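Dear colleague,

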Amino acid sequence: MATILLDQVRKVYAGNVEAVKGVSIDIADGEFIVLVGPSGCGKSTLLRMIAGLEEISGGEIHIGDRVVNNVEPADRDIAMVFQNYALYPHMSVYDNLAYGLRNRGVAKGEIDSRVKEAARILEIGTFLDRKPRQLSGGQRQRVAMGRAIVRQPAAFLFDEPLSNLDAKLRVQMRIEIKRLQKALGTTSVYVTHDQLEAMTLANRLVVLNHGRIEQIGTPLDVYEAPATTFVAGFIGSPAMNLIPVKAKEGGLALETGEGLLAPNGHGVAQAILGVRPEDLVLATDGVAAPGGLSLEMTVIAVEPVGAESYVHGTVEGLKDDIVMRAGPKTDYAPGSRLKLTAVPEKLHIFDAQTGARLNA
Amino acid sequence: MQTKRITFKAKGLPYLLVAPQLAVTLVFFIWPASQALYQSVLQQDAFGLRTEFVGLANFENLFADPLYLASFKVTMVFSFGTTFLSMGVALMLAVMADRVIKGATGYKTFLIWPYAVAPAVAGVLWWFMFNPTIGVAAYAIRQMGYDWNHTIDGNDALILIIIAAAWKQISYNFLFFLAGLQSIPRSLIEAAAIDGASPFKRFWTIVFPLLSPTSFFLLVVNMVYAFFDTFSVVHATTAGGPGQSTSILVYKVWRDAFESLDLGGSAAQSVILMLIVIALTVIQFRYIERKVEY
Ligand SMILES: Nc1ncnc2c1ncn2[C@@H]1O[C@H](COP(=O)(O)OP(=O)(O)O)[C@@H](O)[C@H]1O
Ligand SMILES: [Mg+2]
């Protein structure tokens, strides 16, 4: 059990590639932190610096009450689960689990009871004698987890551990990891590019982009009040509609000057207005919500996904399509025109230049 | 998947295309091999005037000949010595190079150059370096208090041909080991590091076992090399001497045929060598077929 503190951590690779640009995170004991962001944003680099597999170019990393910048991976009291599992192919499952304990000189009896206990928890007891190649993807994943938990480390580090599994197994393992982490209460840092995985696992999310933190917060906070246009577009599926707007007498309008969209509560000349697909509704009798958004959309296509449908359409003067969530059996002919609205509390306003959130 | 089938109009063309390969195999392999088999059951008189069929007598003579048995023993020491020396050095170099390059291919190609040095040249090189009167290596060894003289001391001579023969194999072994090392996922080594294994322990418990298919393959290749492909090295370095102390089987075949003119005995020796290479090849295929043993 330990806290982890990152203080202005930086990583510059050979060739002056700055992969992580001054990241600070304060991770509480027992917390489940998920680092999420698009591929190449520096998630793995950050995690590997915590693990000690990558040298730290600047800043400090604390695990517990130690600065670990110059501590060997083995002495950081962490365990890591790799994307490709990294099981030792020539060793049995039992030996894979026992390897780390043997290296640390744990007594034989103790090793045996810890391995059996981990195997029981993860339900891999029946194939302790098998080699990794004789296991399915999901079973390998469990063994990799087992190797982490037998060590009883201060922290777990996960680098996209579920991305090699099929969709169904991924959901199942996700729930299991969450349950296990809760039961053990071990501080965890989990890397993924899958925003849904991130939302469902995290106590707190850290959204990364180009080696910088865009936002830290609980999944709900991040979803309901994204700090930047990047976060707004990255978290949530389908993504939030982001509409460039400019000030006009009486409120914000499309850049062409057409169609009043929303009140201008921030006194800006230009802005990005965000609205989630589920917050867009049909204006009853063509009347927009008081003080809210008003938009006329021409339907391109309706995408039914079972429990709901997504209506894609264009708005005159707007480059990108708009997406609205609708009920399960929605059926609009392409070309139909819909009057949409959203209540003012559901509108997100971002700075046109910096992308930073303007409303509270 | 569908493969496009290319057909030739002229029915004879395929045969024409494989003909050179067939000819080479026939002239340089099948024909000499059958000649050796044929000769091994014949005996000629000293003047080459009469030849008679003697059955397995040549073989019986061989195994009763203390010189031949001694040559067998020397060959064993030589083969194992050469194999372990060249593989050991190559593995050490590969581990060091693996750490430095991590995927830089240009450098790897450059490392195969020593392999292109003709064996006879390499042999002469070693002969010079260890020459008791003018060689730098011999001088250095003498400075360390050992009286090196491979022209008198049979053990020195054996060590010399082992070094000379191993030298030539190092770059070949090196490339295979390096390729083997680079195919081990980095995350395995990292997992072991996190699991508290020292670099030394990581090597012996993770890397070395994962290299075992490569090592086994190289073991057979090097044994075959030491048995059959080292004539020129021995010829240029010690010429089998002093006495018979470095007269390995493949060298003795030549010596008995062309210096002692014992064609029948020499042919019998060739046949035995052929049997050994066939045995090694069978072992090779048996185990390589089974693939990676983990
Ligand atoms: N060993 C390395 N040398 C140079 N650049 C690297 C190295 N590893 C990663 N990078 C670069 O650093 C950036 C972040 O990589 P990474 O942390 O792997 O991203 P992520 O895990 O978020 O996909 C990328 O631009 C990548 O190309
Ligand atoms: Mg990554």
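B:Val24 is located in helix 1 (residues 13-39) of chain B; helices (H or I, at least four residues) and strands (E, at least two) are DSSP runs, numbered from the N terminus. This is a predicted model, in which local features need pLDDT of at least 70 and side-chain atom pairs count only at pLDDT 80 or more, whereas totals for chains, interfaces and linings use all residues. Residues are numbered from 1 along each chain as its sequence is written, chains are lettered from A and ligands numbered from 1 in the order in which they are written, and side-chain values use heavy atoms, with hydrogens and water left out.

B:Val24 is partly exposed, its relative accessible area being 46% (buried means under 20%, exposed over 50%, partly exposed in between; 1.4 Å probe, protein chains only). Chain B as a whole has 14 helices and 2 strands, and 39% of its 294 residues count as buried.

In chain A, 4 strands form an open, antiparallel sheet in the order 2-1-4-5 (two strands pair if DSSP finds at least two bridges between them). Strand 2 (17-27) and strand 5 (66-67) of chain A are at the edges with a single partner strand each, so one side of each has no neighbour in the sheet. Strand 1 (residues 4-13) and strand 4 (residues 58-63) of chain A run antiparallel and are joined by 5 bridges. A:Arg10 has A:Gly58, in strand 4 of chain A, as its bridge partner.

Yours sincerely
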